[in-house]
Amino acid sequence: MKKIVVLIALALSVFSAKAQYFDFASNSGRVEAGFVLGQPAYSTEYDRFGLGANVCIWGFVLDFLVAEPEHRYYRVISDTVWDDTKALTINAGYQIPILSWLRLTPMAGYTQTNYGTTDGRSVEYDSDDISWYHRYRVTPGSRTHYFNFGGGLSIQPCKWFSINAVATRYAIYGGISLNLAAFAEPR
């Protein structure tokens, strides 16, 4: 059903008399910031749910996504030392405006995974984040580096925000961005 709705919307926009295709000038003045969530290190043994952020300035996109060690913020002090993993993805690209509300984004980037241990006996305090956490130590030689590539889709239903989805070789995620420049415009 979703495919049919999307195909109908695309067909209506393609045959619209007001449709402007590949209007790169529409990227100018657009400054977005938002959050993303999904799976960094997708299709590896380290894939887990992660959080991150994205920035888009005049069509240039930069985003990152990280899955912290699972037991890092575990609220109990324990004599246990957990085997844990960490994954992060950083991607960059440029939005190609297909229609005024639809943009495709070829992306390239970097993904890193590692495994290590989280020490339940140690408790550290981060005054910047105002949080307690357990120390995570990477096992030497466990870091794996990947070249990441893929693409994204950005739907901009109005000038104030965008809905984004990205699928790359080693990550799959989506999010919402606010167009900060639209909020700064005088009324």
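Reader: Is alanine 41 buried or exposed?
Author: In this predicted model, alanine 41 lies in the loop between E1 and E2. Its relative accessibility is 0%. Buried means under 20%, so alanine 41 counts as buried.

Reader: Which value does phi of alanine 41 come near?
Author: Good thing to look at! Most residues other than glycine have a negative phi. Alanine 41 is not a glycine, yet its phi is positive, near 60°.

Reader: And what is phi of serine 43?
Author: Serine 43 is found in the loop between E1 and E2, and at 43% relative accessibility it counts as partly exposed. Serine 43 is not a glycine either, but its phi is positive, at about 70°.

Reader: Why does phenylalanine 49 count as exposed?
Author: Phenylalanine 49 has its place in the loop between E1 and strand E2 (50-57). The cut-off for exposed is over 50%. Phenylalanine 49 passes it, because its relative accessible area is 55%.

Reader: Are the rings of tyrosine 146 and tyrosine 170 stacked, edge-to-face or tilted?
Author: The count of aromatic pairs comes to three. In the pair of tyrosine 146 and tyrosine 170, the ring centres are 4.4 Å apart and the planes are at 35°. Stacked needs under 30 degrees and edge-to-face over 60, so this pair is tilted.

Note on methods:
Residues are numbered from 1 along each chain as its sequence is written. This is a predicted model: local features need pLDDT of at least 70, side-chain atom pairs count only at pLDDT 80 or more; totals for chains, interfaces and linings use all residues. Side-chain values use heavy atoms; hydrogens and water are left out. Rings of Phe, Tyr and Trp (its six-membered ring) pair if their centres lie within 6.5 Å; planes under 30 degrees apart count as stacked, over 60 as edge-to-face and the rest as tilted. Helices (H or I, at least four residues) and strands (E, at least two) are DSSP runs, numbered from the N terminus. Buried means under 20% relative accessible area, exposed over 50%, partly exposed in between (1.4 Å probe, protein chains only).
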